[in-house]
Amino acid sequence: MTTKRSVLVTGATGQQGGAVARALLSSGHSVKALTRRPDSDAARQLAGAEIVAGDLGDTASVVKAAKDVDTMFLMGNSYEAGMEEETRQGILAADAAKAAGVGHLIYSSVADANKKTGIPHFESKYLVEQHVERLGIPYTISAPVAFMENFVAPWSIGALSQGTHAFAMPAKRVLQLVALADIGAFVAALVERRERVFGKRFDIAGDELSGEDQAKILSQSIGRPINYQAIPIAVARQQSEDTALMFEWFDRVGYDVDIAALHRDFPEVRWHSFADWAREFDWRALERAYSAA
């Protein structure tokens with residue numbers, strides 16, 4: 001029988017943290033959801049979780065929230081906080097976990113962050129990883145690849161609603177992807193395996209396929225033609241040097257998760273293929289994006 005754990009989830013009102021909180025709750029664990037906005041709609045949607053106010057940059061608030069839990073899920077957000085601040089907050093929060101006596105710290109990084117990619121927002125997470133490793137407390141690193149949900153994010157869904165799947169990679173270049181629900185289920189598996197995953201780092205992915213093949217699956221799931229469009233790197237660079245460096249690395253090197261081995265080693269996670277994910281997604285979101293355009 002699985003021991004029920006008490007888990008502090010940071011970033012619980014965001015996409016990844018929310019997926020982790022929901023997976024833990026559905027597995028019967030107790031969840032404390034740390035958020036700067038306890039009165040937000042996202043916080044209210046976490047039915048069954050104890051919502052606690054706190055900020056990763058405020059060590060005292062994290063120590064207070066973590067005092068009576070046995071596990072903590074820690075993640076940062078470089079897009080919101082900036083990369084230097086993400087690193088600073090991650091280190092402070094990891095220190096707070098140690099001060100509070102948390103028995104298992106799970107840090108969410110990014111796949112291949114430990115391989116000198118030169119991508120700034122990979123490097124900022126790896127600095128936190130290194131600090132976590134040196135802390136001397138039981139830890140596990142969960143390192144997902146690109147999210148399948150990125151294709152329906154605010155910066156993508158407008159073009160998709162017009163019939164274009166636009167991404168800054170060649171049409172035939174393969175990219176590894178993972179569904180948010182699988183990240184949540186994987187973290188729940190880490191919580192439950194506990195001692196068996198101490199000191200380990202896991203790069204995680206659910207599927208790998210080209211942009212061209214992604215567009216074919218999207219066409220089938222949405223029920224109308226979706227065409228793939230390769231965005232020039234120069235256009236991506238106008239938006240963000242960090243993003244451009246990431247896309248160049250995707251094309252030149254790319255994620256290298258051994259997907260078959262990972263799925264064999266963690267059979268308790270459902271592991272959505274991209275087709276599974278696209279089939280289950282509520283595509284009414286496209287209609288809303290189209291009408292808002």
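Predicted model: local features only at pLDDT ≥ 70, side-chain atom pairs only at ≥ 80, totals over all residues.
Helix α3 spans residues 59-66, and helix α5 spans residues 83-100. The two pack at an angle of about 40°, with their axes 8 Å apart. That angle makes α3 oblique to α5. The crossing of α3 past α5 is right-handed. On the α3 side, the contact involves T59, V62, V63 and A66. These residues meet L92, A93, A96, A99 and A100 of α5. By class, the contact of α3 with α5 has eight nonpolar residues and one polar residue, with no charged residues.

Side chains of opposite charge can pair when their charged atoms come close. The structure holds 18 salt bridges. R237 takes part in a salt bridge with E241, at 2.7 Å from N to O. R237 also forms a salt bridge with E248, where the closest N and O atoms are 3.2 Å apart. The R237–E248 pair links distant parts of the chain, 11 residues apart. R237 lies in helix α10 (residues 233-239), and E248 lies in helix α11 (residues 241-252). R237 is partly exposed, with a relative accessible area of 30%.

R270 counts as exposed, because its relative accessibility is 51% and the exposed class begins over 50%. E280 is partly exposed, at 46%. Elsewhere, salt bridges that share partners join D112, K115 and D256 into one network.

Definitions and conventions. Residues numbered from 1 in each chain as written. Heavy atoms only, no water. Axes fitted to C-alpha atoms, helices over the stretch in contact; angles between N-to-C directions. Helix = DSSP H or I, 4+ residues; strand = E, 2+ residues; numbered from the N terminus. Parallel < 35°, antiparallel > 145°, perpendicular 65-115°, else oblique. Left-handed = near helix turned anticlockwise from the far one by under 90°. Contact = heavy atoms within 4.5 Å. Nonpolar A, V, L, I, M, F, W, Y, C, P; charged D, E, K, R; others polar. Salt bridge = Lys/Arg side-chain N within 4 Å of Asp/Glu carboxyl O. Buried < 20%, exposed > 50% of the residue type's maximum accessible area, 1.4 Å probe, protein only.
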